[in-house]
Structure formats: structure tokens, C-alpha cells
Amino acid sequence: MLLASTTDVAHWRSPFCAGVDRALDTCGFGRVELPWDTFQVLQRDRDHFTKRGFDAFRQALAAELARRDVVGDVLVIADSTIDYLNDASRSADAAVCRALRARGMVPRVLSEGGSGFCARGHAGHDFSELASGVLRGADGARWRGATWVVIGGWNDERCGLAAASRGIERLRALKRHV
């Protein structure tokens with residue numbers, strides 16, 4: 001199963017994000033609907049959560065996936081929505097894992113600030129490359145049948161909608177070929 005967060009939400013609403021959501025729909029991604037405007041964000045940087053906002057986000061993500069009856073292995077691929085609060089020990093990734101485990105999921109989180117469906121692709125850090133790295137790893141076979149949950153797409157605006165759409169298609173094709 002392929003799931004993705006809706007991008008045309010809260011203060012990120014834009015024609016670009018509406019286009020990303022249409023591309024996700026066209027490629028068959030299910031939607032993860034979260035109450036984005038209820039998560040507390042930093043005053044100086046409205047794109048990133050406070051600690052309290054992040055805690056509410058991770059609990060809401062876990063609840064939404066459980067509501068959709070997601071169980072077993074879950075691969076979460078995200079941008080700085082999660083990575084912003086990571087430290088050297090990847091504590092934000094671990095916090096998301098704890099919330100998902102509490103709902104019966106077996107998660108792995110790949111978060112990379114600035115990434116997206118096409119963003120950071122030049123450096124090999126777009127969502128498709130992050131997923132490919134896991135699949136090439138020693139435990140890659142484990143993640144082949146996992147539910148994939150993508151959180152992001154906002155960083156792709158500078159790439160343009162056509163490039164973001166191609167990145168969405170690449171990720172879908174990667175999931176289908178695993």
C-alpha cells in the first residue's frame with residue numbers, strides 16, 4: 001500500500017500543492033489526512049513544529065494509520081516534517097517509531113530535511129532514492145511488502161510540478177517493482 005500526506009493544507013495551500021495532490025491521486029496513493037492547522041509550529045518558522053506540535057503530529061499520524069487498519073511493516077519517508085527535530089541519535093525518527101509501534105505497526109523512518117519527490121534528487125536524497133537505499137540494504141527484502149507512507153512534497157515547488165509528478169511516478173514504480 002502506498003499512502004501520502006495531503007500537501008494542499010493549512011498555510012501551505014497553493015496551486016502547486018493542489019497539483020502535487022492531483023498527481024498523488026493519479027498514481028494511486030491513498031491519502032493520510034491529518035489536522036495540520038492544529039499542530040503547533042515555530043513562530044519564526046511556520047514550516048516546522050515545536051516539540052509539542054511534533055508530539056501531536058506523531059500521535060495523529062499513528063492514529064490515522066491505525067484508523068486505516070495499517071499493521072505490520074511500515075516505511076515512513078519524510079522531509080523535515082520529521083527530520084527538523086532530529087539530533088545525532090535520530091530522536092524524532094525514534095519518537096515516530098514509538099507512536100507507530102504503540103498502534104501495532106513495525107516502523108522504519110527515513111527522514112531527510114529538504115527532500116521531496118524531486119527535491120534533493122541531484123544529491124541522491126529524494127524520496128525514491130531514500131527508499132531505494134533501504135531496498136538495497138541487507139534487510140531490504142523485509143520492506144518489500146511494507147506499507148509506505150510519504151510525508152512531504154512541499155520542498156518540490158522549486159523543482160516544478162512536472163518534475164514532482166515524475167518523482168511521484170518513480171516512487172510508485174519502485175514500490176510496484178519490489
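Begin by selecting helix α4: its buried residues pack against α2 (51-67), β3 (72-78), α3 (80-83) and β4 (105-111). Here contact means heavy atoms within 4.5 Å, and helices (H or I, at least four residues) and strands (E, at least two) are DSSP runs numbered from the N terminus. Helix α4 covers residues 91-101, and Ala-92, Asp-93, Ala-95, Val-96, Cys-97, Ala-99 and Leu-100 are its buried residues. Buried means under 20% relative accessible area, exposed over 50%, and partly exposed in between (1.4 Å probe, protein chains only).

The model is predicted: local features need pLDDT of at least 70, side-chain atom pairs count only at pLDDT 80 or more, and totals for chains, interfaces and linings use all residues. Residues are numbered from 1 along each chain as its sequence is written, and side-chain values use heavy atoms, with hydrogens and water left out.

Next, display the whole chain as a cartoon. It has seven helices and five strands, arranged along the sequence as β-α-β-α-β-α-α-β-α-α-β-α. The radius of gyration, taken over C-alpha atoms, is 15 Å, close to the 16 Å that the globule rule gives for 178 residues, so the chain is as compact as a globular protein of that length. That rule is 2.2 Å times the number of residues to the power 0.38. Of the 178 residues, 55% count as buried.

Now select Asp-73, in strand β3. Leaving aside residues up to four places away in sequence, Asp-73 touches Val-106, Arg-142, Trp-143, Ala-146 and Thr-147.

Two loop residues come next. Ala-10 is in the loop between β1 (2-5) and α1 (15-26); its phi is near 45 degrees, a positive value in a residue other than glycine. Ala-10 counts as partly exposed, at 26% relative accessibility. Asp-69 lies in the loop between α2 and β3, has a phi near 65 degrees, also positive in a residue other than glycine, and is exposed, with a relative accessible area of 63%.

Finally, turn to the largest pocket, with a volume of about 220 Å³. Of its 13 lining residues, select those closest to its centre: Trp-12, Asp-47, Asp-79, Trp-154 and Asn-155. A pocket is an open set of points on a 1 Å grid over the protein atoms alone, where a 1.4 Å probe fits, with protein on both sides within 12 Å along at least five of seven lines; lining residues have an atom within 4 Å of a point. The volume is the space filled by probe spheres set on the points, which are joined across faces, edges and corners.
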